[in-house]
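Work through these exercises with the structure open beside you. Try each task before you read its solution.

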Amino acid sequence: MKTTAYAAHDAHSDLVPYTFEYRDLRDNDVAFEVLYCGVCHSDLHTVRNDWGNAVYPVVPGHEIVGRVIEVGSSVNNHAVGDIVAVGCIVDSCQHCDQCEKDQEQYCREGFTPTYGAPDRIDGKITQGGYAKHLVSREEFVLKMPEGLDIAKAAPLLCAGITTYSPLRTFGVTKGSRVAVIGLGGLGHMAVKIASAMGAHVTMISRTPDKAKDADELGANAFLLSSDEEAMAKAANGFDVIIDTVPVDHDINPYLPLLDIDGTLALVGQIGPIGQPTTVPLIFGRRRVAGSLIGGIAETQEMLDFCAEHNVLPDVEMISIDQINEAYDRLDRSDVRYRFVIDMASLEGPAA
Ligand code: NAP
Ligand code: ZN
């Protein structure tokens, strides 16, 4: 199947229209028309080759909502016309201990990301959701629950699950004291989801004018990271801190904010990070952890949770031809709080 998309051809050029051939449907494949696709900072990291592993041309996009147009002969869980979603993972081995535990993101053989890596069967490089169509193995296609506004829901597929998973894993529940560092795409979802879980949520930001937004998003308190006095007063105040900062940064100022046995979960920067000191870790049994997106079952649980609690991202809808400008703005943290591409703006072959 031929489809149209927007792709980056190298680390320094704009994304441009791109046409390519999708694989023929396998028995367990679902093909769908992409309706909406969120714009994650990981898309920008990949396009700019920040992680050194980009394969060009790359069609980014792993926050995808679409409508099924065709299913393979053995697909029972999805039917033509269904509204479905795909996040960051499109395949995994399905038999290792991690896949058996529904933790496909930690598959021992490595999960297949939605874009930029070889398909497990034919070796063709996967391409993401800034495209008119997508084909994915059925186990990795999620159901959109009734009641979620599909025009806004796409960012749940990455920003939502990446924050939901560590909040659950590290035991956040009613009354937990949670802080979120960095009010961007992931950060604003962390605030909304932790609030919906009943936690007391503090937004930690370097940007003073985001205080009002944090309040509107549901945060109970706002802490300016450059305000040393306020940071000192906040010591020992949190059970869990979710750090979404996308660049190398010093985590030392945040460690004393954890209470005894508290956990700082890093989800933002992938790569080296400052020089953490062991002092607050040892004198307080505090932990620094990392967390990668979430498994497929947990992603479905998160979608259902968001539908039940009416949690939706704050989105700025753009057309596909605004994507390069959107990247510049994302780079400057000038988005409140997630761009979503209305894929109807992309001309393409009829479904
Ligand atoms: P984003 O929308 O750009 O938000 C990042 C926020 O971090 C900004 O709004 C800003 O908030 C803060 N920030 C930005 N630059 C900073 C700097 N130089 N120093 C301190 N704070 C800074 O990005 P996002 O889409 O939420 O993604 C965040 C990171 O998570 C990216 O690196 C992305 O690749 C990663 N990610 C990881 C996973 C995973 O599975 N672990 C999944 C998805 C994304 P303030 O203005 O409030 O400070
Ligand atoms: Zn992402």
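**Exercise 1.** Which backbone oxygen does the side chain of Q127 reach? Then place Q127 in its surroundings.

*Solution.* This is a predicted model.
- Step 1: Find Q127 in the loop between β7 (112-113) and β8 (133-137).
- Step 2: Follow its side chain, which reaches the backbone oxygen of P57 at 3.1 Å.
- Step 3: Look for a second partner. The backbone nitrogen of V59 lies 2.8 Å from a polar atom of the Q127 side chain.
- Step 4: Y115 is twelve residues away in sequence, yet the C-alpha atoms of Q127 and Y115 are 4.2 Å apart.
- Step 5: The relative accessible area of Q127 is 10%, and the cut-off for buried is under 20%, so Q127 is buried.

**Exercise 2.** Is the peptide bond from Y56 to P57 cis or trans? Find another bond to set beside it.

*Solution.* 
- Step 1: Read omega. It is near -5° from Y56 to P57, and the bond is cis. P57 sits in the loop between α1 and β4 (64-71).
- Step 2: Go to R336 and Y337. A cis peptide bond joins them, with omega about -5°. Y337 belongs to the loop between α10 and β17.
- Step 3: Recall the background. Most peptide bonds are trans.

**Exercise 3.** How do the axes of α4 and α5 cross?

*Solution.* 
- Step 1: Locate the helices. α4 covers residues 159-169 and α5 covers residues 185-196.
- Step 2: Take the axes. They come within 8 Å and cross at roughly 50°.
- Step 3: Name the arrangement. α4 and α5 are therefore oblique to each other. Their crossing is right-handed.
- Step 4: Sort the contact residues of α4 with α5. Eight are nonpolar, four are polar and none is charged.

**Exercise 4.** Which residues of helix α10 are buried?

*Solution.* 
- Step 1: The buried ones are I323, N324, A326, Y327, R329 and L330.
- Step 2: See what they pack against. The partners are β1 (2-7), α1 (41-47), β16 (315-318) and β17 (338-342).
- Step 3: S333 follows α10 and has a positive phi, near 55°.

**Exercise 5.** What is the phi of D261, and what is that of N310?

*Solution.* 
- Step 1: D261, in strand β14 (residues 258-266), has a positive phi of about 70°.
- Step 2: N310, in the loop between α9 (296-309) and β16, has a positive phi near 55°.
- Step 3: D261 is partly exposed, at 31% relative accessible area, whereas N310 is exposed, at 60%.

Conventions: Residues are numbered from 1 along each chain as its sequence is written. Chains are lettered from A and ligands numbered from 1 in the order in which they are written. This is a predicted model: local features need pLDDT of at least 70, side-chain atom pairs count only at pLDDT 80 or more; totals for chains, interfaces and linings use all residues. Side-chain values use heavy atoms; hydrogens and water are left out. Buried means under 20% relative accessible area, exposed over 50%, partly exposed in between (1.4 Å probe, protein chains only). Helices (H or I, at least four residues) and strands (E, at least two) are DSSP runs, numbered from the N terminus. Contact means heavy atoms within 4.5 Å. Axes are lines fitted to C-alpha atoms, for helices over the stretch in contact, and angles run from 0 to 180 degrees between N-to-C directions. Angles under 35 degrees count as roughly parallel, over 145 as roughly antiparallel, 65 to 115 as roughly perpendicular and the rest as oblique. A crossing is left-handed if the near helix is turned anticlockwise from the far one by less than a right angle, and right-handed if clockwise. Ala, Val, Leu, Ile, Met, Phe, Trp, Tyr, Cys and Pro count as nonpolar, Asp, Glu, Lys and Arg as charged, and the others, Gly among them, as polar. A polar contact is a pair of N or O atoms within 3.5 Å; within protein, one must be able to donate a hydrogen and the other to accept it, and residues adjacent in sequence count only if both atoms are side-chain atoms.
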